[in-house]
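Student: Please take one residue and look at it closely. Then set it against the rest of the model.

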Amino acid sequence: MQFLITVLQSFFTAAFFRAAVMQGIPLLYGAVGEILTEKSGNLNLGIAGIMYMGAIGGLVGSFLYESSAASPVPFVAMVIAILCALLLATLGGLIYAVLTITFRANQNVTGLALTTFGVGLGNFLGGSIMKLTGKTGQITVYLTGKAFKSTFAFASSEAVTSSPFLNTICTMFFSYGFLTYFAIIATIILSWMIYRTRVGLNLRAVGENPGTADAVGINVPLYKYLSTCIGGMLAGLGGLYFVMEYTGGTWVNNGFGDRGWLAIAL
C-alpha cells in the first residue's frame, strides 16, 4: 500500500504536470488544426506530414539566419522561424486543398501521400542543410530554441524560488514558452468561433451539407480552402513547438514519432 502511495505521489508533482503539458501541446495544435479542417467536410490525414513541414521550415529559416547574421538577434530569429513554419505548413494545407477540393482527388490517398512527403522532406532537409554548409550532424539552433523557451521573468525570481509553494505553482503554470499559451488561447477562440458566430455556423453547414450551404449563398470552396489552410498552419505550429521548445532547437529524424496520428485520432 505504501508503495502504491509513493508511486501516485511521484505522478502528481509539478515536474510531472509540466512534462505532461509539454507532451500535450503538439497534440493540441495538430488536433485543433484537424478539427477546423474536418468542420468543412475534409478529413486531412496529411496533418502528420504538415507538422513535419512546419517544424523543418522554422528550423531551416532560423538556421540560415543564425548562420548568416554577424550578431543574430533571438527575437528576429524567432519571428523568422514562425513565419517560415507558417509558410511551409500553409503550403502543405494548400496542396491538400487543391487536390481534394478543386481536383476532387481521394482525401485519404491525398492525406497519406502528403504525410509521406512531409516526413521525407523534414528528414531530408534535417540532414542535408548541415552538409551543404560544410558541417556535420543535423540542424541545431540553440539561440532560437532558447528564445522559444523563454518564460515569465517572475517565475525565476528569488522570491518565487525561495518559496516551495510559489515555486511549485510557477513550475506548473508559468514555466512554458509563449507557444504553449497561444495554443490554449487559439483553442478557446476557435471553439467560440465555430459554435458562437455566423462564420462558424456557415463552416459547419458547409461540412454537413455543402449542397444546402451553396443554395443559400455560402461560398463553399472558400470556406473549405480557408479552413484547410488555417488548420494546416495550426498543425505546423505544433511541429515548430516540438522542435523549438520541446527539443530545444535540434532536429531529430522521425523525432515526432506517432504524434501526428495521435493528433488526428484526438
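Tutor: Ser191 is partly exposed, at 39% relative accessibility. On this scale, buried means under 20% relative accessible area, exposed means over 50%, and partly exposed lies in between (1.4 Å probe, protein chains only). Ser191 sits in helix α9. Helices here are DSSP runs of H or I with at least four residues, strands are runs of E with at least two, and both are numbered from the N terminus. Between Ser191 and Val141 there are 34 Å in space, C-alpha to C-alpha, and 50 residues in sequence.

First, the ground rules. The model is predicted, so local features need pLDDT of at least 70 and side-chain atom pairs need 80 or more, while totals for chains, interfaces and linings use all residues. Residues are numbered from 1 along each chain as its sequence is written, and side-chain values use heavy atoms, with hydrogens and water left out. pLDDT is the predictor's confidence in each residue, from 0 to 100. The protein chain averages 90, and 92% of the residues score at least 70. Confidence is highest in helix α10 (residues 198-208), with a mean of 97, and lowest in helix α1 (residues 2-11), at 56. Where pLDDT is low, the predicted coordinates should not be read in detail.

Back to α9. Helix α9 (178-196) and α2 (14-38) each supply at least two residues to the lining of the largest cavity. A cavity is a set of points on a 1 Å grid over the protein atoms alone where a 1.4 Å probe fits but cannot get out; a pocket is an open set with protein on both sides within 12 Å along at least five of seven lines; lining residues have an atom within 4 Å of a point. The count is one cavity of 30 Å³ or more. The largest cavity holds about 30 Å³. Its lining is Leu28, Tyr29, Val32, Ala183, Ala186, Thr187 and Leu234.

The largest pocket has about 150 Å³ of space. Its lining consists of Asn42, Thr100, Ile101, Arg104, Gln107, Pro210, Val220, Pro221 and Lys224. Helices α4 (74-102) and α12 (220-246) each give two or more of these residues. The most come from α12, with three.

Now the rings. The whole structure has 10 aromatic pairs. One is Tyr52 with Trp251, edge-to-face, at 6.1 Å centre to centre and 70° between the planes. Tyr52 is in helix α3 (residues 47-68) and Trp251 in the loop between α12 and α13 (259-265), so the pair ties together parts 199 residues apart in sequence. The rule pairs rings of Phe, Tyr and Trp (its six-membered ring) with centres within 6.5 Å; planes under 30 degrees apart are stacked, over 60 edge-to-face, the rest tilted. Tyr176 is buried, at 4% relative accessibility.

Arg259 lies over the face of Tyr246, 5.6 Å from the ring centre. That call needs NZ of Lys or CZ of Arg within 6 Å of the ring centre and within 35 degrees of the ring normal.

Methods. Points joined across faces, edges and corners; volume = space filled by probe spheres on them.
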